[in-house]
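I am opening a notebook on a structure I have not looked at before.

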Amino acid sequence: QQIWRVLAGYQQNSEMPNKTGLEIPDTENPVTAKLKKLEIFKVSDANTLEDEVNQELAETCPGSWLILPLTVGESLWGSLNLLDSQTNIIWDDDRVELARAVADQLAIAIQQANLYQQLQQELSDRK
């Protein structure tokens, strides 16, 4: 579909908008291009992004972004996005490593849920 859709969100700070359901274009989007290469994207001020897609997102989600690919094996399943309303957050190695560990556990949970759903469907089809 050439889009990324926000499926779930958690806002620790009520100032951050809930973006569940938001569709983010994939075409000409340097952030999603990095994710497809299984690379982490980090920026300390989203307002410095120069592409049209992410400039628009930065208007409603200003601040610092850390976006990690969710992978199972070498397959990209989605992303884990950490947004801080403050600018100039330094996404140092310790923060990135912690976020990577969370992303890895989330990817495992998604894979297990997917496998369980497939198993339930197969069992249902046999009846």
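Is glutamate 23 buried, partly exposed or exposed? I looked up its relative accessibility and found 43%, so glutamate 23 counts as partly exposed. I note here that the model is predicted.

**Entry: the chain as a whole**

I went to the overall layout next. The protein chain has three helices and five strands. I read the pattern along the sequence as β-β-α-β-α-β-β-α. The C-alpha atoms fill a box of roughly 55 × 30 × 30 Å along the principal axes. I then checked burial: 30% of the 127 residues are buried. I also looked at contacts with a separation of 6 or more, and 48% of them join residues 24 or more positions apart.

**Entry: salt bridges**

I went back to glutamate 23 and asked what it pairs with. Glutamate 23 forms a salt bridge with arginine 5, with the closest N and O atoms 2.8 Å apart. Glutamate 23 sits in strand E2 (residues 23-25) and arginine 5 in strand E1, so the pair ties together parts that are 18 residues apart in sequence. I checked arginine 5 as well: its relative accessibility is 41%, so it counts as partly exposed.

How many salt bridges does the structure hold? I found four. As a general point, side chains of opposite charge can pair when their charged atoms come close.

I took aspartate 26 and lysine 36 next. They form a salt bridge, and their closest N and O atoms are 2.8 Å apart. This pair links distant parts of the chain: aspartate 26 is in the loop between E2 and H1, while lysine 36 is in helix H1, 10 residues apart. Aspartate 26 has a relative accessible area of 11%, so it is buried. Lysine 36 comes to 48%, so it is partly exposed.

I also noted arginine 100 and aspartate 104. Their side chains meet in a salt bridge at 3.2 Å, N to O. The two are separated by about one helical turn, because they lie four residues apart in helix H3. Arginine 100 is buried, with a relative accessible area of 18%. Aspartate 104 has 33% relative accessibility and counts as partly exposed.

**Entry: nonpolar cores**

Which residues of the largest nonpolar core touch the most other members? The core has 15 residues, and I listed Ile24, Phe41, Val43, Ala46, Leu49, Trp65 and Ile67 as the ones that do. The elements giving two or more residues to this core are H1, strand E3 (41-43), H2 and E4. H2 gives the most, with three residues.

Leaving aside neighbours within four places in sequence, alanine 46 is in contact with Ala58, Cys61, Gly63 and Trp65. I then found a second, separate core of 11 residues, which includes Val72, Ile89, Val96 and Ala107. In general, nonpolar side chains tend to be buried together in soluble globular proteins.

**Entry: the largest pocket**

I looked up the volume of the largest pocket and got about 1400 Å³. Its lining has 42 residues, and those nearest its centre are Ala8, Gly9, Leu80, Asn81 and Leu82. Elements that give two or more residues to the lining are strand E1 (3-5), helix H1 (30-36), helix H2 (52-60), strand E4 (64-72), strand E5 (75-84) and helix H3 (93-126).

Which element gives the most to the lining? I found that E5 does, with eight residues. I sorted the lining by class and got 26 nonpolar, 12 polar and four charged residues.

Leucine 38 has one, at about 65°. Leucine 38 lies in the loop between H1 and E3. Its relative accessibility is 29%, so leucine 38 counts as partly exposed. Asparagine 88 also has a positive phi, of about 65°, and is not a glycine. I placed asparagine 88 in the loop between E5 and H3. At 55% relative accessibility, asparagine 88 counts as exposed.

Last, I looked at glutamine 1, in the segment before E1. Glutamine 1 counts as exposed, at 78% relative accessibility. Glutamine 1 and proline 25 are 24 residues apart in sequence, and their C-alpha atoms are 9.1 Å apart in space.

Note on methods. Residues are numbered from 1 along each chain as its sequence is written. This is a predicted model: local features need pLDDT of at least 70, side-chain atom pairs count only at pLDDT 80 or more; totals for chains, interfaces and linings use all residues. Side-chain values use heavy atoms; hydrogens and water are left out. On a 1 Å grid over the protein atoms alone, a cavity is a set of points where a 1.4 Å probe fits but cannot get out, and a pocket is an open set with protein on both sides within 12 Å along at least five of seven lines; lining residues have an atom within 4 Å of a point. Grid points are joined across faces, edges and corners, and a volume is the space filled by probe spheres set on the points. Ala, Val, Leu, Ile, Met, Phe, Trp, Tyr, Cys and Pro count as nonpolar, Asp, Glu, Lys and Arg as charged, and the others, Gly among them, as polar. A nonpolar core is a set of buried Ala, Val, Leu, Ile, Met, Phe, Trp, Tyr and Cys residues joined through side-chain atoms within 4.5 Å. Buried means under 20% relative accessible area, exposed over 50%, partly exposed in between (1.4 Å probe, protein chains only). Contact means heavy atoms within 4.5 Å.
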